[in-house]
Amino acid sequence: MAEAQPTEGAARYRFFNHAACEFYPCHDMPPEDLNCLFCFCPLYALGPACGGAYRYVGEHRDIKDCSACTLPHRRENYDYLMSRYAEIQKLAAPPAADA
């Protein structure tokens with residue numbers, strides 16, 4: 001999942017750190033690496049196929065707890081997250097029409 005770092009000033013859209021957020025820091029990781037761009041993880045809907053560190057909790061083990069996961073918040077994982085959008089798009093697609 002690692003990638004080459006962009007040169008200084010390039011591709012700034014790939015990283016955003018919102019240190020003024022009332023929940024900051026939300027994960028135990030170095031602040032200079034905490035990417036807030038994917039604050040609400042786009043991979044959550046992929047369930048067990050998300051690739052992150054999650055666990056199911058609750059009485060029926062039906063609540064996905066991602067509080068220990070830093071996958072979407074790591075600077076080097078931008079390309080990985082973007083590569084998974086086709087899977088998310090399939091989940092959001094309208095139901096197929098009956099033939």
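Which residues does Asn-35 touch, not counting residues up to four places away in sequence? Asn-35 touches Arg-14, Phe-15, Phe-16, Pro-72, His-73 and Arg-75. Contact here means heavy atoms within 4.5 Å.

This is a predicted model, where local features need pLDDT of at least 70, side-chain atom pairs count only at pLDDT 80 or more, and totals for chains, interfaces and linings use all residues. Residues are numbered from 1 along each chain as its sequence is written, and side-chain values use heavy atoms, with hydrogens and water left out.

## The chain as a whole

The protein chain has 2 helices and 2 strands. Along the sequence, the pattern is β-β-α-α. Helices (H or I, at least four residues) and strands (E, at least two) are DSSP runs, numbered from the N terminus. Strand S1 covers 55–57. Strand S2 covers 63–65. Helix H1 covers 78–83.

The protein chain has 99 residues, and 27% of them count as buried. Buried means under 20% relative accessible area, exposed means over 50%, and partly exposed lies in between (1.4 Å probe, protein chains only). Take the contacts between residues at least 6 apart in sequence: 52% of these join residues at least 24 apart.

Asn-35 sits in the segment before S1. Is Asn-35 buried or exposed? Asn-35 is buried, with a relative accessible area of 1%. The side chain of Asn-35 makes polar contacts with backbone atoms of Arg-14 and Phe-16. A polar contact is a pair of N or O atoms within 3.5 Å; within protein, one must be able to donate a hydrogen and the other to accept it, and residues adjacent in sequence count only if both atoms are side-chain atoms.

| Side chain | Partner | Distance |
|---|---|---|
| Thr-70 | side chain of Arg-74 | 3.1 Å |

Thr-70 lies in the loop between S2 and H1. Thr-70 is buried, at 17% relative accessible area. Leaving out residues up to four places away in sequence, Thr-70 touches His-27 and Met-29.

## The nonpolar core

Which residues make up the largest nonpolar core? The core has 10 residues: Phe-38, Leu-43, Leu-46, Cys-50, Cys-69, Leu-71, Tyr-78, Tyr-80, Leu-81 and Ile-88. H1 gives the most to this core, with 3 residues. A nonpolar core is a set of buried Ala, Val, Leu, Ile, Met, Phe, Trp, Tyr and Cys residues joined through side-chain atoms within 4.5 Å.

Look at Leu-81 in this core. Leu-81 touches Phe-38, Pro-42, Leu-43, Leu-71 and Pro-72, again not counting residues up to four places away in sequence.

## The largest pocket

About 440 Å³ of space lies in the largest pocket. Its lining has 24 residues, and those nearest its centre are His-27, Cys-39, Phe-40, Cys-41 and His-73. By class, the lining holds 17 nonpolar, 6 polar and 1 charged residues. Ala, Val, Leu, Ile, Met, Phe, Trp, Tyr, Cys and Pro count as nonpolar, Asp, Glu, Lys and Arg as charged, and the others, Gly among them, as polar.

On a 1 Å grid over the protein atoms alone, a pocket is an open set of points where a 1.4 Å probe fits, with protein on both sides within 12 Å along at least five of seven lines; lining residues have an atom within 4 Å of a point. Grid points are joined across faces, edges and corners, and the volume is the space filled by probe spheres set on the points.

## Backbone details

Most residues other than glycine have a negative phi, and most peptide bonds are trans. Where does the backbone depart from this? Arg-61 is not a glycine, yet its phi is positive, near 50 degrees. Arg-61 lies in the loop between S1 and S2. Arg-61 is exposed, with a relative accessible area of 58%. The peptide bond from Tyr-24 to Pro-25 is cis, with omega near -10 degrees. Pro-25 is in the segment before S1.

## Strand S2

Ile-63 belongs to strand S2. Ile-63 counts as partly exposed, at 45% relative accessibility. Ile-63 touches Arg-55, Tyr-56, Val-57 and Gly-58, with residues up to four places away in sequence not counted.
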